[in-house]
Amino acid sequence: VVDRAHNLRLKELEVHEKGARVGLVRVLIRIDGSFSEEEESYMEAVADEIGGRDALWAIISRSAQETPTDDAIRAAAKTVVRAPIQRFIRYVLEDIARAETITLEEAGLLRWLDELYGFDPGPGLDDELPESGDPG
């Protein structure tokens, strides 16, 4: 999985950054309430890059053990300080959310990340996101 905007590969993330990203993906999928074909395709691409489904499930399992709650996941997201990685995480989450219609809850999570990392959602994005939403 490559961040097209920054040419960054998943394998370039440090362990804590991978954990934060996987945790946030878990939150995004959970608040959506469904696991779409597009989301499954994205996860398969991640699996291919990191060595297959077993490797992916090992990362997801480790993430669930290390960050079992949404509060723990948010705390992990706060430890990501490298700007390119912050942009990568935000890009990945928005890409997954856009697989279907962005829900209020997904919008809340994206806005929370924008605020946390000091991002401007960019032209047009705020027009597409629902007005309000809890970050999960």
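Me: Where does phenylalanine 88 lie?
Reply: Phenylalanine 88 is in helix α5. Bear in mind that this is a predicted model.

Me: Is phenylalanine 88 buried or exposed?
Reply: Phenylalanine 88 is buried, because its relative accessible area is 0%, and the cut-off for buried is under 20%.

Me: How far apart are phenylalanine 88 and leucine 13?
Reply: In sequence, 75 residues separate phenylalanine 88 from leucine 13. In space, their C-alpha atoms are 9.6 Å apart.

Me: Back up a bit. How many helices and strands are in the chain?
Reply: The chain has seven helices and two strands. Along the sequence the order is β-β-α-α-α-α-α-α-α.

Me: And how confident is the prediction, on average? What pLDDT does the chain have?
Reply: The average pLDDT of the chain is 81, and 81% of the residues score at least 70.

Me: Where is confidence lowest, and where is it highest?
Reply: Strand β1, residues 2-3, is lowest with a mean of 44, while α4 is highest at 95. The pLDDT is below 50 over residues 1-5. In the model that stretch has 19 contacts beyond near neighbours in sequence.

Me: OK, now salt bridges. How many does the structure hold?
Reply: There are seven salt bridges in the structure. One of them joins arginine 90 to glutamate 94, with the closest N and O atoms 2.5 Å apart.

Me: Where are arginine 90 and glutamate 94?
Reply: Both are in helix α5, residues 83-97, and they sit four residues apart, about one turn of the helix. Arginine 90 and glutamate 94 are both buried.

Me: Which residues are linked in a network of salt bridges?
Reply: The network links Arg90, Glu94, Arg98 and Asp114.

Me: What does arginine 53 form a salt bridge with?
Reply: Arginine 53 pairs with glutamate 44, and their closest N and O atoms are 3.1 Å apart. Glutamate 44 counts as partly exposed because its relative accessibility is 32%.

Me: Changing topic. Which residues touch the most other members in the largest nonpolar core?
Reply: That core has 34 residues, and Leu24, Val25, Ile89, Leu93, Leu109 and Leu113 touch the most other members. The elements giving two or more residues to the core are α1 (15-32), α2 (37-50), α3 (53-66), α4 (70-78), α5 and α6.

Me: Which element gives the most to this core?
Reply: That is α1, with eight residues.

Me: How much of the chain is made up of buried residues?
Reply: Of the 136 residues in the chain, 44% are buried.

Me: What about the accessible surface of the chain?
Reply: The accessible surface is about 7100 Å², and 50% of it belongs to carbon and sulfur atoms.

Me: Among contacts between residues at least 6 apart in sequence, what share joins residues at least 24 apart?
Reply: The share is 73%.

Me: Let me pick another residue. Where is valine 46 found?
Reply: Valine 46 is in helix α2. Its relative accessibility is 2%, so valine 46 counts as buried. Valine 46 and leucine 56 are 10 residues apart along the chain, and their C-alpha atoms are separated by 7.3 Å.

Me: And glutamine 86? Which residues does glutamine 86 touch?
Reply: Leaving out residues up to four places away in sequence, glutamine 86 touches Val80, Val81, Tyr117 and Phe119. Glutamine 86 has its place in helix α5.

Me: Why does glutamine 86 count as buried?
Reply: Glutamine 86 counts as buried because its relative accessibility is 10%, against a cut-off of under 20%.

Me: Last one. How many aromatic pairs are there?
Reply: The count is one aromatic pair. The rings of tyrosine 117 and phenylalanine 119 have centres 5.8 Å apart and planes at 55 degrees, so the pair is tilted. Tyrosine 117 is buried, with a relative accessible area of 10%.

Definitions and conventions
Residues numbered from 1 in each chain as written. Predicted model: local features only at pLDDT ≥ 70, side-chain atom pairs only at ≥ 80, totals over all residues. Heavy atoms only, no water. Salt bridge = Lys/Arg side-chain N within 4 Å of Asp/Glu carboxyl O. Buried < 20%, exposed > 50% of the residue type's maximum accessible area, 1.4 Å probe, protein only. Core = buried A, V, L, I, M, F, W, Y, C linked by side-chain atoms within 4.5 Å. Contact = heavy atoms within 4.5 Å. Areas by Shrake-Rupley, 256 points an atom, 1.4 Å probe, with all protein chains shown as cover. pLDDT = per-residue confidence, 0-100. Phe/Tyr/Trp six-rings, centres within 6.5 Å; stacked < 30°, edge-to-face > 60°.
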